[in-house]
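Subject: Structure for your review

Dear colleague,

Please find below the structure that I am handing over to you. My notes on what was found in it follow directly after it.

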Amino acid sequence: MSFLRPFSRTFLRAAEEASSATSGGKKRLSLNFYTPNSTPAQKEVDMVIVPGAAGSFGVLVGHVPVVSQLKPGVVEIHDGGKVEQFFVSSGFAFVSTTAADICAVEAAPVSDLDSDTIKENISTFTKTVADAQNDMDKATAQVGLDVNQAMLQAITGAK
Amino acid sequence: MLVSALKTGVQAAKNAAPVAASSVGQVRGKATQRETKTRIEACHSVYKITKAMQSIANAKLNPAIARMQESRPMAASVRAFIDTACSEVQVPELEAGASCLVIPITSDKGLCGALNTKILFKTMNTIQDLKEKKMKIKVITVGEKGHKNFQSMNPKMLVHTASHFGKTDINFLQASRVAEFVTQTPFDQATILYNKYINRVSFTQMAHTIPALTFFSEQVSKFGEKFEFEGDEEQILKDLAEFQFAVQLYGALLENGASEQSSRLAAMDNASKNAASMALELTQLFNRTRQMQITAEMIEISTGAECCK
């Protein structure tokens, strides 16, 4: 496939040029990952995958400015071949062309999640949702169920 | 328990009879000596209690400062986003009759110096200013001390109180609950008043004004100029408004918490010093009086002996 190689190289160079034009020449994304009580990450990275409420999306430097809510899911930080995974409960992500600010209400490394506790929680919340007397209780229990199911997904889907 | 023991000690020191003037020939009787002894013991117990409260406040101060500092990056990030998006937006002037929510943050426990007095004073000034602009004012106090103050002075304005957060340090979950509770009362403007921590010996009163939660939703087009929304704009802005309110309230609660510990530290330090110096004065008085009594008795005995010669 030698005739494809020059083409793909040009294509990639063009994409790099375009992205560095919008990002002001920066090659790496400034990641600011905050919670109300800690700062899990504040450094330059290659890419971060954000669990947006409307769907997960990846952020590279030069990304269109975006504001998104977070759903319970995994923030994946790609930095020079290493991948860090943090589970977040909810929050907001503010993306600009040079930086991504992730403000999560709660964040924990996926390796810290305990699958036994999560499975117990899932069965408890499933029961509570079924037994709920009013909309408010049902919605509250449903949130608990969703978060725990997302945590289980994060553990079982983790690399 | 510490506070009630402290009150008993102070009461004992006060109830003792005043010091009788000891001039030559007039001596304090054994009864008043006993009372002086009681006063000295009371001073010692007050000293122990205030010293204990001082070390507790000292131990709690550094973690409180750490929590406050750790919370600042996220608050700054949220505020920076809002400032960037709304940089050209002017918050509209309030018309007369707008409903203003005033939220003073106070402590639950006392013996913390001038902390609560200062913030409640600032609250009264804020309310006065708002009254002059003919606003409708409602007050939601955070903390028992603010609640007691408003109940006795201005019960009609007091709508709700959030207090007794428990023995654990306040966390974002609790702050969110308070924010949710507060925002059930609709408002055109909210003012959070709290003591901002400066350093171990000083703090200052701050007032943060927050526009109505609907303000964000009304700025959809402004936000849309600079940012794209992943998802429904109205929903995101509505949630963002509530989120930033909780974040601001959390920041204010942590600052006030750190200020409370530093204020209590200084107040209890002063109280211990005063108790110690009072105990010293009374002990010296007691000893002087005891020595004068002995001298008087010796004079009596030697005079009697002279007479019988």
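A cavity is a set of grid points where a 1.4 Å probe fits but cannot get out, and its lining residues are those with an atom within 4 Å of such a point. Please bear in mind while reading that this is a predicted model.

**The cavity**

How many cavities of 30 Å³ or more does a search of the whole structure find? The search finds one. The volume of the largest cavity is about 40 Å³. Its lining is made up of Pro36(A) together with Ser71(B), Met74(B), Ala75(B), Phe172(B), Val247(B), Tyr250(B) and Gly251(B). Two elements of chain B, helix H2 (30-85) and helix H8 (233-307), each give two or more residues to this lining. By class, six of the lining residues are nonpolar and two are polar, while none is charged.

**The largest pocket**

A pocket, unlike a cavity, is an open set of points. The largest pocket in the model has a volume of about 1,700 Å³. It is lined by 40 residues, and those closest to its centre are Ser90(A), Val105(A), Val143(A), Leu173(B) and Ser176(B). Both chains contribute elements that give two or more residues: from chain A, strands E5 (66-70), E8 (91-95) and E10 (107-109) and helix H3 (135-156), and from chain B, helices H5 (172-182) and H8. Which element supplies the largest share of this lining? That element is H3(A), with nine residues. The lining of the pocket divides into 20 nonpolar, 13 polar and seven charged residues.

**Cysteines**

A disulfide is a covalent bond between the sulfur atoms of two cysteines. Over all chains, the search finds zero disulfides. For Cys307(B), the nearest cysteine sulfur belongs to Cys308(B) and lies 6.4 Å away, and Cys307(B) is in no disulfide. A disulfide requires the two sulfur atoms to be within 2.5 Å. Is Cys307(B) buried or exposed? Cys307(B) counts as exposed because its relative accessibility is 63%, and the cut-off for exposed is over 50%. Cys43(B), in contrast, has a relative accessible area of 4% and is therefore buried, the limit for that class being under 20%.

**A residue in helix H2**

Arg34(B) belongs to helix H2 of chain B. With a relative accessible area of 59%, Arg34(B) is exposed.

Yours sincerely,
A colleague

Key: Residues are numbered from 1 along each chain as its sequence is written. Chains are lettered from A and ligands numbered from 1 in the order in which they are written. This is a predicted model: local features need pLDDT of at least 70, side-chain atom pairs count only at pLDDT 80 or more; totals for chains, interfaces and linings use all residues. Side-chain values use heavy atoms; hydrogens and water are left out. On a 1 Å grid over the protein atoms alone, a cavity is a set of points where a 1.4 Å probe fits but cannot get out, and a pocket is an open set with protein on both sides within 12 Å along at least five of seven lines; lining residues have an atom within 4 Å of a point. Grid points are joined across faces, edges and corners, and a volume is the space filled by probe spheres set on the points. Helices (H or I, at least four residues) and strands (E, at least two) are DSSP runs, numbered from the N terminus. Ala, Val, Leu, Ile, Met, Phe, Trp, Tyr, Cys and Pro count as nonpolar, Asp, Glu, Lys and Arg as charged, and the others, Gly among them, as polar. Buried means under 20% relative accessible area, exposed over 50%, partly exposed in between (1.4 Å probe, protein chains only).
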